[in-house]
Amino acid sequence: MVIFLVIISLGLFVLLANAGNNEVRTSRWLGPNDAMQPMHPLDEPGLRGEALAQPGLRGRGLPGTERPNGNPLRSPHTVMTQGYGVGTHAPAEVWGAIDLAIDSTGDGRADPEGTWNHPIYATHHGIVKVTPNSYPAGNHVWVTNDAYRTGYAHLAEFAVTTGQFVEAGDLIGFIGSTGMSSGPHLDYQVWVWEHGRWVNVNPLGFGALDGVP
Ligand SMILES: [Zn+2]
């Protein structure tokens with residue numbers, strides 16, 4: 001009798017575990033834990049100096065690739081799931097960003113299946129700073145040069161390391177849902193160096209949805 005109960009309990013446990021797995025298509029935010037590093041977009045004041053000091057950074061890359069340009073997902077199936085300066089992107093001077101995901105089924109809405117692990121590309125040249133497991137940005141990448149900085153948040157995986165130099169179009173990572181995120185997407189930020197400080201600007205002014213019908 002006892003052995004039957006044990007077998008039935010095990011069976012139920014396996015069933016429940018599988019049901020749970022099927023339900024969770026997108027990650028749920030459970031709050032920061034002790035392992036997470038707090039991060040703020042205005043941190044890393046030294047990065048621009050590092051970029052300036054990098055031998056060969058100035059004048060490197062194709063003309064015009066200093067300024068961020070184009071869609072970091074490089075896909076015509078890109079959809080914007082949250083706009084600039086609204087919701088979690090407010091106030092814009094701190095959290096200004098757009099959220100991008102992929103519509104792989106053509107119904108005009110983002111879907112997790114097409115979005116998970118979609119490649120992310122640098123939109124300009126610069127030096128890389130990687131911050132794993134940060135709050136609220138999860139796995140985060142900065143690309144910084146002397147005039148521009150772009151931020152890429154919630155990555156599943158990095159394809160670059162801190163101190164690495166990237167050109168516009170280089171692969172930097174893959175879409176995930178790490179940090180404060182309710183599902184897989186890329187949170188994309190553009191910053192401009194003006195009057196001695198980084199100023200957050202709307203990525204749509206930098207072609208972030210170019211090529212999307
Ligand atoms: Zn976002």
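Tyr188 has a relative accessible area of 0%, so this residue is buried in the predicted model. The exercises below begin with this residue.

**Exercise 1.** Classify the ring pair of Tyr152 and Tyr188 from the distance of the centres and the angle of the planes.

*Solution.* 
- Step 1. The count of aromatic pairs in the model comes to three.
- Step 2. In the pair of Tyr152 and Tyr188, the ring centres are 5.4 Å apart and the planes meet at 40°.
- Step 3. Planes under 30 degrees apart count as stacked and those over 60 as edge-to-face, the rest being tilted. The angle here is 40°, so the pair of Tyr152 and Tyr188 is tilted.
- Step 4. Tyr152 belongs to strand β7 (residues 148–158) and Tyr188 to strand β10; the pair links distant parts of the chain, 36 residues apart.
- Step 5. Tyr152 also has a relative accessible area of 0% and is therefore buried.

**Exercise 2.** Describe how Trp193 and Trp198 are placed, and state for each whether it is buried or partly exposed.

*Solution.* 
- Step 1. Strands β10 (residues 186–194) and β11 pair in the antiparallel sense, over five bridges.
- Step 2. Across this pairing, Trp193 stands opposite Trp198 in β11.
- Step 3. The two rings form an edge-to-face pair, with 5.0 Å from centre to centre and 75° between the planes.
- Step 4. Buried means under 20% relative accessible area. Trp198, at 9%, is therefore buried, whereas Trp193, at 29%, is partly exposed.
- Step 5. Strand β11 (residues 197–201) is mostly covered, since four of its five residues are buried.
- Step 6. Two residues lie between the strands of this hairpin, and His195 takes a positive phi near 50°.

**Exercise 3.** Determine the surroundings of Thr78.

*Solution.* 
- Step 1. Thr78 lies in strand β2 (residues 78–82).
- Step 2. Its relative accessibility is 3%, so Thr78 counts as buried.
- Step 3. The side chain of Thr78 makes a polar contact of 2.9 Å with the side chain of Asn71.
- Step 4. A polar atom of the Thr78 side chain also lies 2.6 Å from the backbone oxygen of Ser75.
- Step 5. Leaving aside residues up to four places away in sequence, Thr78 touches several residues, among them Leu73, Leu100, Ile102 and Val212.

**Exercise 4.** Which rings have the charged ends of Arg74 and Arg149 over them?

*Solution.* 
- Step 1. The charged end of Arg74 sits over the ring of Tyr121, at 5.5 Å from the ring centre.
- Step 2. The charged end of Arg149 sits over the ring of Trp142, at 4.3 Å from the ring centre.

Terms used: Residues are numbered from 1 along each chain as its sequence is written. This is a predicted model: local features need pLDDT of at least 70, side-chain atom pairs count only at pLDDT 80 or more; totals for chains, interfaces and linings use all residues. Side-chain values use heavy atoms; hydrogens and water are left out. Buried means under 20% relative accessible area, exposed over 50%, partly exposed in between (1.4 Å probe, protein chains only). Two strands pair if DSSP finds at least two bridges between them. A polar contact is a pair of N or O atoms within 3.5 Å; within protein, one must be able to donate a hydrogen and the other to accept it, and residues adjacent in sequence count only if both atoms are side-chain atoms. Contact means heavy atoms within 4.5 Å. Rings of Phe, Tyr and Trp (its six-membered ring) pair if their centres lie within 6.5 Å; planes under 30 degrees apart count as stacked, over 60 as edge-to-face and the rest as tilted. A charge sits over a ring if NZ of Lys or CZ of Arg is within 6 Å of the ring centre and within 35 degrees of the ring normal.
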